[in-house]
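Visitor: I have a protein model open and would like to go through it with you. Could you take me through its architecture?

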Amino acid sequence: MISFQQKILNLIKYFRRQRPLFSNSERTTVCGADSMLTALQLSMAEVNKQHHGDFAVSLSDVMETWKYLLHDKLGLSYENMEEPENYADFKKAYQTFLASSNMLDIIDIYQKCCALALVPEDESYLLFLCGKQMCLNY
């Protein structure tokens with residue numbers, strides 16, 4: 001039986017060889033949760049600069065928006081969650097930042113794999129995406 005780690009490595013190899021994620025680029029960076037959070041923070045700061053003239057954002061605002069973004073991207077329930085102010089602008093700036101940097105976040109990869117029927121939509125992959133599974137060793 002193929003290990004979970006090997007399945008993930010096989011998916012990465014598949015995308016590198018068979019399915020270029022960006023046809024106009026030789027390289028694409030896949031963002032884990034830490035890079036996603038950093039990209040979101042920078043995107044939110046840019047939106048705040050446009051709206052308020054201040055290139056700053058509070059950590060609590062970033063975390064609130066992060067939680068909402070994860071639920072949004074994964075199609076999870078929004079129970080007891082209020083959409084953050086300027087969320088649409090933050091999300092657009094986040095996606096623009098990723099695209100201009102030739103980056104995809106790990107959730108985009110997961111969704112592409114599911115769309116291509118390369119992975120089952122089971123709990124083990126969602127746990128991996130949430131950082132609750134083992135790390136990959138190359």
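**Overall architecture**

Guide: Along its sequence, the protein follows the pattern α-β-α-α-α-β-α-α. Please keep in mind that this is a predicted model.

Visitor: How many helices and strands is that?

Guide: The protein has 6 helices and 2 strands.

Visitor: And what share of the residues is buried?

Guide: Of the 138 residues in the protein, 31% are buried.

Visitor: What about contacts between residues at least 24 apart in sequence?

Guide: Among contacts between residues at least 6 apart in sequence, 58% join residues at least 24 apart.

**Helix 4**

Visitor: Let us turn to helix 4. Which of its residues are buried?

Guide: Y87, F90, Y94 and L98 are the buried residues of helix 4. Viewed down the helix axis, these buried residues fall within an arc of 65 degrees, so they line one face of helix 4.

Visitor: Which residues are exposed on the other side?

Guide: A88, K92 and S100 are exposed on the other side of helix 4.

Visitor: What covers the buried residues?

Guide: The cover over the buried residues of helix 4 includes strand 1 (29-31), helix 2 (33-52), helix 3, strand 2 (103-105) and helix 5.

Visitor: How does the span of helix 4 compare with what its residues should give?

Guide: Helix 4 covers residues 87-100, and its 14 residues should span 20 Å at 1.5 Å a residue. The C-alpha atoms at its ends are 20 Å apart, which agrees.

Visitor: What happens just after helix 4?

Guide: Just after helix 4, N102 takes a positive phi of about 50 degrees.

**Helix 3 and its partners**

Visitor: Now helix 3. Which residues there are buried, and what do they pack against?

Guide: The buried residues of helix 3 are V62, T65, W66, Y68, L69, H71 and K73. They pack against helix 2, helix 4, strand 2 and helix 5.

Visitor: How far does helix 3 reach?

Guide: Helix 3 has 16 residues and reaches 22 Å from its first C-alpha to its last, close to the 22 Å expected at 1.5 Å a residue. Just after helix 3, G75 takes a positive phi of about 70 degrees.

Visitor: At what angle do helix 3 and helix 4 cross?

Guide: Their axes cross at roughly 75 degrees and come within 11 Å. That makes helix 3 roughly perpendicular to helix 4.

Visitor: Which residues make the contact?

Guide: Helix 3 contributes T65, Y68, L69, D72 and K73, and helix 4 contributes Y87, F90, K91, Y94 and Q95. The residues of this contact of helix 3 with helix 4 divide into 5 nonpolar, 2 polar and 3 charged.

Visitor: And helix 3 with helix 5: at what angle do they pack?

Guide: Helix 3 (residues 59-74) and helix 5 (residues 106-115) pack at an angle of about 10 degrees, with their axes 10 Å apart. Helix 3 and helix 5 are therefore roughly parallel to each other. The contact involves L70, K73 and L74 of helix 3 together with I107, D108 and Q111 of helix 5. The residues of the contact of helix 3 with helix 5 divide into 3 nonpolar, 1 polar and 2 charged.

**Individual residues**

Visitor: You mentioned L74. Is it buried, exposed or partly exposed?

Guide: L74, which lies in helix 3, is partly exposed, with a relative accessible area of 24%. The C-alpha atoms of L74 and Y110 are separated by 9.5 Å, although these residues are 36 residues apart along the chain.

Visitor: What does Y68 touch?

Guide: Leaving aside residues up to four places away in sequence, Y68 touches Y78, M81, E82, E83, P84 and Y87. Y68 is found in helix 3 and is buried, with a relative accessible area of 8%. The C-alpha atoms of Y68 and M81, 13 residues apart along the chain, are separated by 7.4 Å.

Visitor: Moving to helix 2, is N48 buried or exposed?

Guide: N48 lies in helix 2 and is buried, with a relative accessible area of 12%; the cut-off for buried is under 20%. Not counting residues up to four places away in sequence, N48 touches G53, D54, A56, V57 and F90.

Visitor: And where is S35 found?

Guide: S35 is found in helix 2 and counts as partly exposed at 30% relative accessibility.

Note on methods:
Residues are numbered from 1 along each chain as its sequence is written. This is a predicted model: local features need pLDDT of at least 70, side-chain atom pairs count only at pLDDT 80 or more; totals for chains, interfaces and linings use all residues. Side-chain values use heavy atoms; hydrogens and water are left out. Axes are lines fitted to C-alpha atoms, for helices over the stretch in contact, and angles run from 0 to 180 degrees between N-to-C directions. Helices (H or I, at least four residues) and strands (E, at least two) are DSSP runs, numbered from the N terminus. Angles under 35 degrees count as roughly parallel, over 145 as roughly antiparallel, 65 to 115 as roughly perpendicular and the rest as oblique. Contact means heavy atoms within 4.5 Å. Ala, Val, Leu, Ile, Met, Phe, Trp, Tyr, Cys and Pro count as nonpolar, Asp, Glu, Lys and Arg as charged, and the others, Gly among them, as polar. The expected span of a helix is 1.5 Å times one less than its number of residues. Buried means under 20% relative accessible area, exposed over 50%, partly exposed in between (1.4 Å probe, protein chains only). The arc is that of the directions from the helix axis to the C-beta atoms.
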